[in-house]
Amino acid sequence: VFTSTSIAPLTLKDLVFTGGNGAGGEGVSLDVAAPPIDPYALVVQNVEFRHNGGHGLLASIDGITTAATVTLADVVFANNGEGGGAIMVVGSTPTTASDVTVRNVRARDNGGAGLTFDDQTAGASSYVVRESQFAKNDDGLVVELAGLFAAAALSVRESTFADNFQGGATIRAANFSTVSVDVTDAVFSANGVHGALVETASDATTAGVVLERVTATDNDVGVMVTHGGSGTLTVGVDDAVFTKNTAAGFAAHVEMGDGAVALAHVVARGNGANAGNNILIDDTGDGSLMVTLRRVDARDAGADNIRIVEAEAGSVAASFDHVAAAASHTAHGIAIVESGAGGIAAAFKRTAVVHNALEGVLLAADADTPTTVPGGIDGLRGEGNGGHGLLLVQLSGVDYFAVP
């Protein structure tokens, strides 16, 4: 137990903390408040935290006026109690920056989350998680970024998240002007709720999420991105596989502002068995949606294979190039639904919608702006669908379409 207002930067190296620490006891407890050495650094290297009654590591680094730096390298958190593997409070309102590196961490069979960060830094926050594994915890990795009016950046690379009771990786950011999340070479499998969740709260202005070489299978939702900021959500997905996720394979939800979502080289199959979708992109605010799908294979969804919804006043612009949407069990291959005033603008190029229970493509608008296909239809194949190959519905407002 380290508890003081005068602790120097601390290094824990080549140690084991295991068992015998009581029902609520920690392997290591660190409470740093207003240390005399500022910035403050914590390094944990080649350390094991096992079978502790509470947390493996409970750390609070508070009251720092410049930077807080945390490094976890070659660390094991295993079979710790309901507190989980580790909970770390990094920074508070006076802290101007936080810099966290997690490398080769193994968190497994913990009663709480494998690893949790609660960051309230007032300045920029940077997190890098590499070459780590999170399995059979309550939650795998949880990062709560609640700083004020600065930039937050988080990178997850070459890591796996499997068989966690709740989520594999959960990233929440609030109050930042800019949030950037990059997930590369990651696997999310058999997690009880979501493989990965990226959520920005209402004060976050602009968010950018990049998923590259990601696999999500057998979760409830494979990957979900939710944006509550007043600025634009930009999502790029490249070379990803989403299979057999119960509710949805990939989902992007915009509550405020505009959304720009691009998927390329994506396979989404057998998702949404519980009346869900392979790919779901929706906007419930007043912003507009711009969606680009290129070389996407979406098949065997419980409901729509690809569903795009604009629920308020904005418009939808959607482009499909080399897209297959086939064999929806109960609904459409591609459905675009617009309920506001902006209308739908869609373009189809080398797209196949076959053997879906209802329409191959449904464009349904309830707006004063006509449904248009500004790029025309160049190679749309629709066959074997339970309804029409292509159905355009103007529910109210103007009474014409513009489809060259």
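Are Phe 134 and Phe 161 buried or exposed? Phe 134 is buried, and Phe 161 is buried too. Buried means under 20% relative accessible area, exposed over 50%, and partly exposed in between, with a 1.4 Å probe and protein chains only.

## Basis

This is a predicted model, in which local features need pLDDT of at least 70 and side-chain atom pairs count only at pLDDT 80 or more, while totals for chains, interfaces and linings use all residues. Residues are numbered from 1 along each chain as its sequence is written, and side-chain values use heavy atoms, leaving out hydrogens and water.

## The chain

The protein chain has zero helices and 32 strands. Both are DSSP runs numbered from the N terminus: helices are H or I with at least four residues, strands are E with at least two. Of its 404 residues, 52% count as buried.

## Aromatic pairs

Rings of Phe, Tyr and Trp (its six-membered ring) pair if their centres lie within 6.5 Å; planes under 30 degrees apart count as stacked, over 60 as edge-to-face and the rest as tilted. The count is seven aromatic pairs. Phe 134 and Phe 161 are stacked, because their ring centres are 5.1 Å apart and their planes at 5°. Phe 134 lies in strand β11 (residues 133-135) and Phe 161 in strand β13 (residues 151-162), so the pair ties together parts 27 residues apart in sequence.

Phe 320 and Phe 348 also form a stacked pair, with 5.1 Å centre to centre and 5° between the planes. Phe 320 is in strand β25 (residues 316-326) and Phe 348 in strand β27 (residues 344-354), so this pair ties together parts 28 residues apart in sequence. Phe 320 counts as buried because its relative accessibility is 1%.
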